[in-house]
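Please open the structure in your viewer and keep the selection tool at hand.

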Amino acid sequence: MKKNNSALNRLFMVLVFVFLYAPIVLLIIFSFNAGNSNTVWKGFSLEWYGKLLHDRLIMQSVYTTLLVSLLATAIATVAGTFAAIGFYSMRRRVREPLMTVNNIPMMNADIVTGVSLCLFFVAFFSFWGDFAAWFNGVQSLIRLPTRLTMGFGTLLIAHVSFNIPYVILSVGPKLRQMDKNLVDAAQDLGCTWMQAFFKVILPEIKPGIVSGALTAFTMSIDDFVISYFTAGSSASTLAMTIYGMTKKRVSPEINAISTLLFVTVLILLAIVNIREARQERRREMRRI
């Protein structure tokens, strides 16, 4: 009976993985198709990868997407790490309500987050226009712009805002696993708080920081809804460009760029997992 259940569980797991990754495999295969069809195979070719490099619209979208994702990941990782340390140092009665508030953006629908951020930026820009006009009228040394519009800046702020909770959620468990006496012992031995942070806390929570950064990067590079409401007309991510193409016909070059992004993320995950496995082996060897 147990063997039958085990076989069924394995079959179910295989079916789930086939359902999840079959579309990606087809996308990768047809990125090397000599024709422009996504259903008919006409031979192996690297034509679409060559054309991809000369497509100004797609390359500009890729550049914007990568730049926003990298900047948002860096800012959110630093802010989320220090926020997680702040939560860790609080009492339980204060920390638990704040953690509940931190979890709301992750459970909230993306369209709600996108619309709310859009309305916030519109209201702020309206207030800023009145403030800048008053400020420029009372002095002449500094001239503030009276009109702000959505663009790269608002897109970056939006990505940072929804990435920070994921970093906090990844770093928090590592802080709780850390021995609380390590920081006190380091300070008793003459370390300042910053020295204790870099020499004691940071090495202990490093896996959580890396995991949070990867999650933030993945969420940022994959986002469409929030970017659509906060990017305005002067900035466009790859997801927004692909969405605009669906109204007519998706270019086969999208298969090529999607394949490159998938392979890049896969390589990053493999590097991180291999590195963590090696570090775990070294720790076990030191204990022995």
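With which residue does Lys 51 form a salt bridge? Select Lys 51 together with Glu 47: these two form the salt bridge, and their closest N and O atoms are 2.9 Å apart. The term salt bridge denotes a side-chain nitrogen of Lys or Arg within 4 Å of a carboxyl oxygen of Asp or Glu.

Before continuing, note that this is a predicted model, in which local features need pLDDT of at least 70 and side-chain atom pairs count only at pLDDT 80 or more, while totals for chains, interfaces and linings use all residues. Residues are numbered from 1 along each chain as its sequence is written, and side-chain values use heavy atoms, with hydrogens and water left out.

Now widen the selection to helix H2, residues 47-52, which holds both Lys 51 and Glu 47, 4 residues apart, or about one turn of the helix. Helices are DSSP runs of H or I with at least four residues, numbered from the N terminus. Lys 51 is partly exposed, at a relative accessible area of 36%, and Glu 47 is likewise classed as partly exposed, at 30%. In these classes, buried means under 20% relative accessible area, exposed over 50%, and partly exposed in between (1.4 Å probe, protein chains only).

A search of the whole structure finds 2 salt bridges. For the other pair, select Glu 96 and Arg 92, whose side chains meet at 2.7 Å, N to O. Both residues belong to helix H4 (residues 92-107), 4 residues apart, about one turn of the helix. Glu 96 is partly exposed, with a relative accessible area of 41%, whereas Arg 92 is exposed at 60%.

Remain on helix H4 and select Pro 97, which lies in this helix. Pro 97 is partly exposed, with a relative accessible area of 44%.

Next, display helix H3 (residues 56-89) and helix H10 (residues 238-245), whose axes come within 8 Å and cross at roughly 145 degrees. Axes are lines fitted to C-alpha atoms, for helices over the stretch in contact, and angles run from 0 to 180 degrees between N-to-C directions. To see the contact (heavy atoms within 4.5 Å), select Leu 57, Ile 58, Ser 61, Val 62 and Thr 65 of H3 with Leu 238, Thr 241 and Met 245 of H10.

Finally, select Leu 238, Met 240, Thr 241 and Met 245, the buried residues of H10. Viewed down the axis of H10, these buried residues fall within an arc of 160 degrees, so they line one face of the helix. The arc is that of the directions from the helix axis to the C-beta atoms.

Technical notes
Helices (H or I, at least four residues) and strands (E, at least two) are DSSP runs, numbered from the N terminus.
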